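Open the model in your viewer and keep the selection panel to hand. The tour goes stop by stop.

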Amino acid sequence: MIHSGLHRLLAGMLIFWAASALAGPDPVTVTATRHVLPAEQVFDGRVEAVQQATVSAQTSGRVMEVLYDVDDFVDAGSIIIRLRDTEQRARLDQAEAGLREAQARFNEARAEFERAQGIFERQLISRAEMDRVTATLEAARARLESARAARAGAQEALEHALVRAPYAGIVTQRHVEVGESVSPGQPLLSGISLEFLRVTTQVPQRFINPVRRHQTARILLEDQPAVVVERLTFFPYADPATGSFRVRAELPDRTPGLFPGMFVKVAFTVGERETLLVPAAAVLQRSEVSAVYVVDDQGRISLRQVRTGRTEGDGQVAILAGLSEGEQVALDPVAAGVALKNRQREAAR
């Protein structure tokens, strides 16, 4: 009987060892823990360009050429419209001729002054004559400076006949056609820059003080990570119709995926909240159902349905219901599911 009992014990140990080998090692787990995270309120916002302007004519003339049209991309400093510049060129030629004359008069007056100065030092001419020569030189210098200024003004007027883009961007509207006569101040082309963007939104009165206090916001996008706002600008008055405050969120330069006119969600920090977090990789998603594999202190594995919240920036997902703080969750749900099936299969034998 002793040998028979020993054989049964050994056989049971072998069966247990085989079942454990088939079930595989216990899944790697992580602990569901609570973290203090920012509490946010989300509002609708609209993307707009920081740089948007209408280029106007700075001189009179006839439009000779329009080099860009609506939806064309323009580099900063590019010529976008050419005006007829016959009159401006004539004024420049006249100014340059006046400058040459003034330069010659100045050279003559300076030479005369230098000769008179040497003679005056030998006391061969009077003080009055020396003063006259000095005044002539100063008058010639003044006329030379005036001629230089006139030439600079004529060059500037000629440059105004070439209308240039103030910054790189997209042409949004065309106001003139070739052959039209324009005058100073008349709109020519309108455009926006895609390089610098911001988002404008309305914050209800009950949230404006927490938003002002925390000064933190994110732009929530559908298919890419949220964009952290660099700076918030608060308008110091409320809309009399809605009681909401306008807030402007400045975005980083060259933010991808955003274009003027788009609607986005703006998440403002208004406080703090405690949230139960687990790694997003531990959550098993089947259609509309979310679940995790929970491993208890005895190593038993069970599938638990949970209700999830949003995914945080570090790859953690919020668990709103179905899980308690401190419970162990399988990090690899696929491996945990295989281990659970193996154990159920062995238990059924």
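Begin by selecting Tyr 68, in the loop between β4 (61–66) and β5 (73–74). Helices (H or I, at least four residues) and strands (E, at least two) are DSSP runs, numbered from the N terminus. This is a predicted model: local features need pLDDT of at least 70, side-chain atom pairs count only at pLDDT 80 or more, and totals for chains, interfaces and linings use all residues. Residues are numbered from 1 along each chain as its sequence is written, and side-chain values use heavy atoms, with hydrogens and water left out.

Stay on Tyr 68. Is Tyr 68 buried, partly exposed or exposed? Its relative accessible area is 22%, so Tyr 68 is partly exposed (buried means under 20%, exposed over 50%, partly exposed in between; 1.4 Å probe, protein chains only). Now show its contacts (heavy atoms within 4.5 Å). Leaving aside neighbours within four places in sequence, Tyr 68 touches Phe 73, Val 74, Ser 78, Ile 79, Ile 80, Val 171 and Leu 189.

Next, the aromatic rings. The whole structure holds 3 aromatic pairs. Rings of Phe, Tyr and Trp (its six-membered ring) pair if their centres lie within 6.5 Å; planes under 30 degrees apart count as stacked, over 60 as edge-to-face and the rest as tilted. Select Phe 43 and Phe 207: the centres are 5.7 Å apart and the planes at 55°, so this pair is tilted. Phe 43 sits in strand β2 (residues 33–49) and Phe 207 in helix α4 (residues 205–214), 164 residues apart. Phe 43 is buried at 11% relative accessible area. Phe 207 also counts as buried, at 16%.

Phe 268 lies in strand β16 (residues 263–279), so its pairing with Phe 43 in β2 ties together parts 225 residues apart in sequence. Phe 268 is buried, at 0%. Ring pairs link Phe 43, Phe 207 and Phe 268 into a cluster.

Last, the helices. Select α2 (residues 86–121) and α3 (residues 127–160): their axes come within 8 Å and cross at roughly 160°. Axes are lines fitted to C-alpha atoms, for helices over the stretch in contact, and angles run from 0 to 180 degrees between N-to-C directions. α2 and α3 are therefore roughly antiparallel (over 145 degrees; under 35 is roughly parallel, 65 to 115 roughly perpendicular, the rest oblique).
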